[in-house]
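I opened my notebook to look up a few things in one structure. Here is what I jotted down as I went.

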Amino acid sequence: MTSDTSWLTPAELRAWLGLVAVAELLPAQLDSQLQRDAGLTHFEYQVLAMLSEARDRTLRMSALAQRANATLPRLSHVVRRLEERGLVERAPCAQDRRATNAHLTPAGWDLVVQTAPGHVATARELVVDALTADQVRQLEDLTRTMLQRLDPEGRLAPPLDEVGRA
């Protein structure tokens, strides 16, 4: 460390440590709910949800990996597990035979539809309902600002016109 390090003020440190605590605790809570309700990890649910929102419920594995912020080997492993459960199927891409598509099966769609209400209820319970409407707007602004630095290509942030459509 150099002597010109700009140390966090007490308020900045409290905010930083609070963010780190939320980043550690929230995924475990989401995993717990999804395991209980659907036998899925949060990452598996995200993969299914992304496919459910895609045209024809199909995405190239490379595009799905990018959207999920996962390496292709990690995604391939997860998709294999989802395939074994009959939730996803893989097939060669018709436009590029070198590429592989992941497609959400009817059973996968049914599981997403069945699981989504509990997932939303958990998000509400843990985050949204703990905040005022003003705080929700502030949270949106804060996360957008942080994501501009963490994800400048916008891979993980949906376009504003797509938020809320189902």
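This is a predicted model: local features need pLDDT of at least 70, side-chain atom pairs count only at pLDDT 80 or more; totals for chains, interfaces and linings use all residues.

Started with methionine 146, which I found in helix α6. For the record, helices (H or I, at least four residues) and strands (E, at least two) are DSSP runs, numbered from the N terminus. The cut-offs I used: buried is under 20% relative accessible area, exposed is over 50%, and partly exposed is in between (1.4 Å probe, protein chains only).

Residues are numbered from 1 along each chain as its sequence is written, and side-chain values use heavy atoms, with hydrogens and water left out.

Next, the surface around that methionine. Met146 belongs to a nonpolar patch that also includes Trp16, Leu142 and Leu150, and the patch has about 910 Å² of accessible area together. Two elements, α1 (10-38) and α6 (133-150), each give two or more residues to it. The largest share, five residues, comes from α1. Patch rule: residues with over 30% relative accessible area and no salt bridge, nonpolar side chains (Val, Leu, Ile, Met, Phe, Trp, Tyr) joined within 5 Å and like charges within 9 Å. Areas come from the Shrake-Rupley method with a 1.4 Å probe; for residues, only the protein chains shown count as cover.

Then I went after charges. Side chains of opposite charge can pair when their charged atoms come close. How many salt bridges are there in the whole structure? My search found 12, counting a side-chain nitrogen of Lys or Arg within 4 Å of a carboxyl oxygen of Asp or Glu.

Back in α6, arginine 144 and aspartate 141 sit three residues apart, about one turn of the helix. They form a salt bridge, with the closest N and O atoms 3.4 Å apart. Arginine 144 is partly exposed at 33%, and so is aspartate 141 at 40%.

Arginine 155 bridges to aspartate 151, closest N and O atoms 3.6 Å apart, and also to glutamate 153 at 3.9 Å, N to O. Aspartate 151 counts as buried because its relative accessibility is 5%, whereas glutamate 153 is exposed at 62%.

Last, I zoomed out: the protein has six helices and three strands, in the order α-α-β-α-α-β-β-α-α.
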